[in-house]
Structures are given as C-alpha cells and as structure tokens.
Amino acid sequence: MNSPVYVLNTAAKRENQREAQQGIFLAVKAISSIIKTCLGPKAMLKMILDPMGTTICTNDGNAILREIDVTHPAAKSMIELSRAQDENVGDGTTSVVILASEILNSSEQFLEKKIHPHYIIKAFRMALDNAIDIVDQYSVPIDLNKKDEVLKVIQSCIGTKFIGKWGSLMCNLALDAVLTVHIQDEDGRSEIDIKRYAKVEKIPGGDISDCRVIKGVMLNKDVTHPKMRRVIKNPRIILLDCSLEYKKGESDTMVDITNEDDFAALLKIEEEYVQRICEDIIKLKPDLVFTEKGVSDLAQHFFVKKGITCLRRLKKSENNRIARISGATIVSRTDELQESDVGTGCGLFEIRKIGDEYFTFLEECKEPKACTILLRGASKDILNEIERNLTDALNVARNIVLDPRLVPGGGAIEMAVSQALSEKSKSIEGLYQLPYKALAQSLEVIPRILGQNCGANTVKLLTELRAKHASNPTENYTFGIDGDKGTIVDMKDLGVWDTHSVKIQTLKTSIENACTLLRVDHISSTSNI
Amino acid sequence: MSNKVLMIDGDRISGQDVRNQNVTAVTAIANIVKTSFGPIGLDKMLVDNIGDVTITNDGATILKMLEVEHPAAKVLVQLADLQDQEVGDGTTSVVILAAELLKRANELVQRKIHPTVIISGYRIACQEAIKYINEELAIKVDTLPKDFIVNTAKTSMSSKTINDDSDFFSKMVVEAINRVKTIDYKGDAKYPVNSINILKAHGKSAKESILVEGYALNCTVAAEGMPKRVQNAKIAFLDFNLAKTKMKLGQKVVVTNVNDLEAIRDRENDIIKERIQLIIKSGANVVLTTKGIDDLCLKYFVEAGCMAVRRCKKEDLKRIAKACGGTVLITLANLDGEESFDPTALGTADQVSQDRVADDELIVVKNSNKKAASIILRGANSLMLDEMERSIHDSLCIVKRALESGTIVPGGGAVESALSIYLDNVAATMGSRKQLAISEFAESLLVIPKQLAVNAALDATDLVAKLRSYHHVAQTDSTKKSYAHSGLDLFAGKVKNNVEAGVLEPAVAKVKCIKFATEAAITILRIDDMITLTPKQAQGDDHAGHGH
C-alpha cells in the first residue's frame, strides 16, 4: 500500500536547509537593493504609492521599508531591524539594512563550502565585540558648549537629506529644540523627551527659511469669542480638562416633569451650574483659560465680561505642554481650583494670523521646558519630508547631548574598523578566521555604496582608501569618501562626523540580526493567501 | 472495500498498514525537529497564516506552529507540549526518542512479535532505566562545586540563540532564580519561575540585557505631574475602575424633583472622590490598577504626590501583590455595607520608580526582601527577542528543577549511553521475548548521542562506539567509576568527562523525558486500526434544513 501519508498541513509551504538559506539570502538582498541608493549625500528619493492612494516621497530608510509590503519572513525581519534602529537612535536606518544584508551575503560562500553556521555565528560575534572596542577607541569626545561644533555634526548627519540646502537652519532648529527640552534629574539622569515636548507644527505656505523654534507652545486655535483679548503679557493661565457647559450625568437619568414651573426650574439649574463654574474660575482672576472640552456661549459671555480669554478643545498633549511651560496644573473640577494651580511662567500670549488661519502663541517663558518647531514650506509633501528629516536631526541632536562622542563619517569609521578587524583576523585560529575576515570586508560596503551613489570609480576609490587606512591605521582613520565629489578626503577637514551611539547600534543590530537569520534551516509558511 | 461492508463513511486502515503509517508520520515529525537538537542545532523559521514570523529552536514551539494533521503525529505534538509544561526543556529530545522507540518497535512487530509483548518490554526497560538514573547516575548537587548551577543553565542554553552569550545569560538566570527563592511550609526551597518577569525592548545588543531587582511593569505613570520615584512605597493594588461612577447598563433613574438631578451628578463625582480619598488616607503612595483611571481622578493623586499606574496586567499585579505582601482588591466595600480601605491590604516596597529603557518607560518595583526579579531583554528585533525569551524561560525552568530536585546528571549523551549498556545487560537476564524489546529500547536511547554527533557533522558511528566503550568500562570495572560521566564534546569531536566540563542537566528532566517518550510510544503502538470519517460536507443552500 503506497498511499501517501499526510502528516502536516499540505497547504503550508516548506523550505528546507539549502533552499531555506538561499531564500533568505535572496530576500535580504532584495530589500537592501531597494534602499541602496538612499545612502549618502547624493541619495535619491523613492516615491511610494500606498494602498490608500497617497504618495510618499522620501529617502528615509525606515519610512520606505515601512510602506513596502513584503511576504518573505526574512525580509520582514529586515524591516523590523530598521524599525528597531529608528526607535532607538532614530538615524542610520538605511545603513543598518545595507550592512546586515552585506554581512549575511558574505557568509553565503562559507555555507556553500559546508561550514556549519555555528562557526560563522561565533566568528561574527567575536568580530562584533572587537568592532565595538575599535569604534570606542576611534571615537572623539565633543564639547557640548561649543555650539558651532555640535551644529556641524548635526549638519553632516542630515547632509544626505532634502533639507541639505537649508541645513544650517534645520540644525539650529534641532539643537535649539533638544537643548530646550533637555532636563537633568537630581541624580544626573538626562531626559530628553522629543516625542512629548518637542512638537513639530507644519503650516503650508511661506518660505522654508521662515521655520523656527518657538520656546513655548503654538496651537492651531483661535479665541472662542471675538471680543476676547488677543495679546496678553504675563498671563495667569488656568488649564482645565472639563467642559464649561452643562453636562449630563454618566448614569441614565430621566426627569418626569409634571408642571410647567419645573421645566423652567430645570433650565435655570443648568444656567446656574454654568454660572457657578465660571465664578469658580473668575475668582482666581486668570487672564487665560484653556480647556480640553467645549465652552458654552454662556460661559464665554461671563469670561468676556471679566476680560478673560478662553480657548477650547485642546488636545491632551497640548494641554500637557502648556502645563510644562507655564507651571499650571490641569484641573478637572472647577470647585477644586486653587491659587497653586494657576500658571504664571509664560511671558506672552498672542494670536497671530498666518495665511488664512489664526494661531495661538505662548512664548517668552521663564523656563521653557517644551517647545514647538514651526515649519513652513511650499506644499504639504515638502513639509512632510522636512518633518521626517527634522525628526532625524532631532534624534541626532539628542544622541549627541546624551552621549557626546563622535566618530568620523563618510565611511571612514567602517573602513577603519574593517582594516583593524582584517588585521586581527590573522591571529584567529581555526574555522573562525575566514568568516571573521569576511565580516571585516563586508563593512566596506558603506564606503563602496557612498562611492557608487555619487558615480565614482568604486574599485579604484576603494582600493585607494584601503591603502590609505592600511598605511597608517592610527593616523589615517579619519579618511573617508566625500559623497559629493567622489574623492578621498580627511573627514577632519570636511567636518563629516557621526554620533558614536548610532554607529555602535548599527553594528550591533546588523550583526545580531545576521546571526539570527543564519541559524535558520527550515522555513514553514502557512500563509493561505 | 472494507468500508462498504462496515457502512463507514470514511477510510479504515488496520493492522500493519496503520502501524507503518503511524511510524512514517512520527518519523516525519522527528525529522523536522531533529536538526534543531543539540548545541550545534539550527533554528526554524515559521510563518503563521496571518503572516507573523517566528524564529525558534524550541521543539514544542516548532511543533505547535506546524499545524500537524496526522493523528499519531498529534500525539507527539502533545508529548512535546507536556514536556514543556512539566519540565520546560528537553522538548526536542523527547520527540526524537519517542519516534525512535516507535520505529524500532515497528520493526519488531514486523518480525512477528506481538505489540503487547513489546509494550511490556518497554515498560520494564523504562522502569529499570529510571531506577538506574536515580540510583547510579544521579549526582547529589551538594557534592559539586558551587558553579554547577551556572553550568546547568549554560547547558540548557547551549542549543539556543543566546548560546554565544551563555556565560552572561547563565549568570543572569541563576541570579534571577536565586532572588525568587522562597521556603514553603514544609521547609523546602521553591523557585517560582512565574515571579520572574521577562520584558522585551528593541535595540542595543543581547549583551546589554539587564536583570532588574524587583518587578518591572511595561506601563507608565498615568499623569505627567506624578512623581517618577517613590521611596518606601506603600502600594495599593486595585482591580476596579477609578472613573466617574456610572450605573450598569439598562438601569434608569427617574427623577421627579428637578433639583435631584443636580444631586445625582454631584454624587457621581463624589463617590469616586471619596474612594480615592480612602485610598490616599490609608497611606498609599503608589496605586496600581488593572483598569483605567479617569482624568478627573488623576488630579487627586497628583495633588497627594501619589504615583498611579493604570492598565497593569492582572497577572503582573497579582505577582507584585504577592511579592510586596499586599492584596489585590476588587472592591472597597466591606461587610458593614460601607466602603473602607484596610491599610493591611497595602503592599510595601523599598522603591517604585519609572525608568527609561530604549524608547519605552518601565515601572520598576524594588524590594529588598528579594522575592521578585525581572529580566529586560534587548536585541536587534522582535523575532530575536521572542526567541530569547523562550530560551531564557527554558533555562529558568531547568535551573529551578535542578535546584528543587537536588540531583543532576551529565549531559551530552552520557546518560543515554550508560543506560543503553545497562539495559543491554538487563535484557540478557530476561529469558522471554521481552528480551528483544528491552534491547531495542537500549538501542533506541542511543539516538540522542547519535543525533548530537550528526548535527555537529561528526562521525556518529565512531563516536558513539567510543562512548559506549567508556560506559562499558565504567559499569564493569569498579575502579573506573568516573567513566560513567563520559559524554560527547561536540566541538572537539571527542569523548570527555562532562561533569568536569560542566555539561549538566537535572536528573528530573531526563527521567521525565524517558517516561514521557515511552508512554507516547506505547500509546501509538497499541493502535492497530484507524478509522477516519469523511468530514461532513457543508450542505448546499437548497438542502438547508433537510436532514438525510
């Protein structure tokens, strides 16, 4: 009886051993080839049409990969990689994918020679540990007080992006914003919360050079009543998260009204309630009232009479930022308002008209621990791209402030590490030597692609660079590729630097991911699509 | 044919055919997992029908995700699951062993030996094997140097992705498990693995994983204004909503006096306010709840300098409550029909703080009486982190077993080879047909060292023969007892003393593995008829409602 025995779900696709490994290599190569051209100052943009029909133009590695729909599990893990990099340091999302793919591919030759992945992984891990030491050794500390130098670094990091032309402006913005939200704990812990306290606001129109950091908060809101004051110096601010109108109870209530008087009384109670909460507020003599909920016409009337400006329907995050700059506490019941809840830290409240819309500015704060970055630009697409780049710049600035160490950019550090590892590989015994050396060589992919993207003669350039590094590794480690001209230059002269934390993270994630994928020898996919 | 006679709507296979089929199925399953076995085993990448990717080396996880369809193969999947629950590790070896036992039994049946004879032979062999492990092979941990436990942890991770950093992780695992050590009422030390919380965060490298003293929660404080660090914390554990009181669905209040309406609204606000004041008055300065906290209520906590965390996981909350000596409250109501907050329900901790890890913030509850630990894993991406979590969990289980049972055995195929020699001798004393079954059992055990060698691309035949000769000497020559510790060294391709090399496994794990594998093999072996009914066809629309 030779009838087949079905042990497993036959709909599933299975790949074994060699087949699985080859599949992984192909998938990974495909991913890296997509974003290869997005590296360096001569990077090209990608235009992506997503399922919703909107187009995205970007050269940010993570943003591109996020939008691409992939099916191969290994490709998915590459995309995850880029995301993890973005979450952690916010930069180097392209290079991490390119590097991981190159490292993985460098191991292919060993698998063909039937070297067990275990040895390759072990060699890679050894190389990773050494590489980190080497990067540490080549890193240069930077003085945070010298603003010019810090600016230069940020500039070199975002030089590849669209806003390169307005580079210095964006760098100023990023650094300003980061320094504003930088808080040092009593026990020396630094906290920089860009996500919450450095808000980017985009207003289409105007010129890119009009972008600026507002040391305070900007809201896309107008006063609720036209007669309210629009400019207030040193305002007393009250923040609420309850509505200033009559609201029904949470429970289902029903009122049986049997006579006419009761109806009038009911309406009166509602009015009295609004009046009462307004009086609670007015008692504290505020100049400005913000609430997350609505404000009834009646309440507006009371406020106008007392010369109080009122804004409604703020977002919780906006309210939090205002609380942070003004020192006010957000109150949810008006009868619990106290003097200490009033914020006085803000210097100027003003409503300005930009284009067709009104914007509220809260500025000149005594201790601005939150800020808004105002972006102007010709169209929404451009603004979105600027925002993505600015986020990168903000992350770079944050990384520098948290860990003020630099390494030479332009592929110089990769070349230096590659050089040092190659040298070291000679002292490694056994099966580990070859994979170790292969990893060292695969690091050269970064300078190579930099060269490729600017149309230089890669082979010639790379050999020259390698020779330079080999001739005097301790002196020449700053030599890299000028991504604009395609020549070899000293990064010290060119002023292209990367942050230490980004480079370390790139090495760690790419090598570890390559190791994880190398360990796979069976792929079973049950996708029923 | 036969199904027509029996009026069965389906297929029926019986006798040798079904045995052959079962063995084929079981072998197929074993073939899938066997390459992931041992320190040089590789991982599997599995994609489920939603498209989620899992990369794993854990036998139980692989089998669970494979969507096995054959009934006999399903027995094996359950077997792996059982081993996972009972021991936590050794899931791959149990599957390989069961498949091998079955394969050999089937050969015996083909030589016209009745399955029941084989079954009783296997039973005897299994009992003898367990007895031998417990009496001869198991080593009391007291006689070993202190670092044995680290070595046990290391052995269990050797096949996993964290192998390269096993020095680092084994120390972490042992430290974590020692931290949660408790003594139960009988005076035995217990190591609840559940008290160790494993959290995952993207980024950095595996080596930057940290062990946190105390329990870490993947939550943040509810409001910005709250303190981020509370010393000498008194913690209230709540399992109810701190929001404006609302009647349950479908209840209506009918008001006749209009002034009452206002009173109802006020009361709604006040009820929760009073509750919060009860909590704060009891001295609590940290409030953890599984449900939400209304913005309205946050303010009271902010004003009282109280740290409130909402949407904690219930299991987490229970564990913290246990570690801090508090009680999880589901209501504030007391027997008198009033509401009160009993200060004895508060837990105490040295410090509760919100710490930043990667892009996330964690709440860490620290306690000096050391009853909780958390491991925060770092790694390149979530696939890797998931696999690391599984590995750490397996390792924790193994260390726990080793510490609780107090006996360990050398790994690397040492036990299996010793047993195979011993059982061969036992078989020789049997004067019945069972002899054959027992000697096949002995032979089957060798699949473990063989597979280890094969995965490491070594000459299995040669190595296993060498290994057996060492064990033979150990069992016959009383002066060379220490040869019983010989196992494989897969990197050097040699036989070595695995107790000295620190390749150790808890004896319980081995015993359970052999027991479960034998039981599973016997279960499948007893089958001599398989009836598969054709699944009822979904009836067409026009036939709907008409039964036949």
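Mentor: In chain A, β4(A) pairs with strand β19 (residues 405-408) in the antiparallel sense, over two bridges. Strands here are DSSP runs of E of at least two residues, helices are runs of H or I of at least four, and both are numbered from the N terminus; two strands pair if DSSP finds at least two bridges between them. The model is a predicted one, in which local features need pLDDT of at least 70, side-chain atom pairs count only at pLDDT 80 or more, and totals for chains, interfaces and linings use all residues. Residues are numbered from 1 along each chain as its sequence is written, chains are lettered from A and ligands numbered from 1 in the order in which they are written, and side-chain values use heavy atoms, with hydrogens and water left out.

Trainee: Which residue stands opposite A:Pro141 in β19(A)?

Mentor: β4(A) covers residues 140-141, and its partner is β19(A). The residue opposite A:Pro141 is A:Arg405.

Trainee: Why is one side of β4 and of β22 of chain A left without a neighbour in the sheet?

Mentor: Three strands of chain A form an open, antiparallel sheet in the order β4-β19-β22. β4 (140-141) and β22 (497-499) stand at the edges, so each has a single partner strand.

Trainee: Which residue of β17(A) is the bridge partner of A:Phe349?

Mentor: Strand β16 (residues 348-354) of chain A pairs with strand β10 (residues 231-233) over three antiparallel bridges, and there A:Ile232 stands opposite A:Phe349. Seven bridges join β16(A) to strand β17 (residues 357-363), also antiparallel. In β17(A), the partner of A:Phe349 is A:Leu362.

Trainee: Which residue in the turn between β16(A) and β17(A) has a positive phi?

Mentor: The two strands form a hairpin with two residues between them. At about 60°, the positive phi belongs to A:Gly355.

Trainee: Is A:Arg313 buried, partly exposed or exposed?

Mentor: A:Arg313 lies in the loop between β14 (309-311) and α12 (316-326) of chain A, and its phi is near 55°, a positive value in a residue other than glycine. Buried means under 20% relative accessible area and exposed over 50%, with partly exposed in between (1.4 Å probe, protein chains only). At 48% relative accessibility, A:Arg313 is partly exposed.

Trainee: What is the relative accessible area of B:Asn232?

Mentor: B:Asn232 is placed in strand β10 (residues 229-238) of chain B. Its phi is positive, about 45°, although B:Asn232 is not a glycine. The residue counts as exposed, with a relative accessible area of 60%.

Trainee: Which residue of β17(B) stands opposite B:Ala201?

Mentor: Chain B has an open sheet of three strands in the order β7-β17-β8, with mixed pairing. β7 (196-202) and β8 (210-213) stand at its edges. Seven bridges join β7(B) to strand β17 (residues 373-379), and these two run parallel. Opposite B:Ala201 stands B:Arg378.

Trainee: How many helices and strands are there in chain A, and what percentage of its residues is buried?

Mentor: The C-alpha trace of chain A spans about 95 × 80 × 45 Å along its principal axes. Chain A holds 19 helices and 23 strands. Of its 529 residues, the buried share is 57%.
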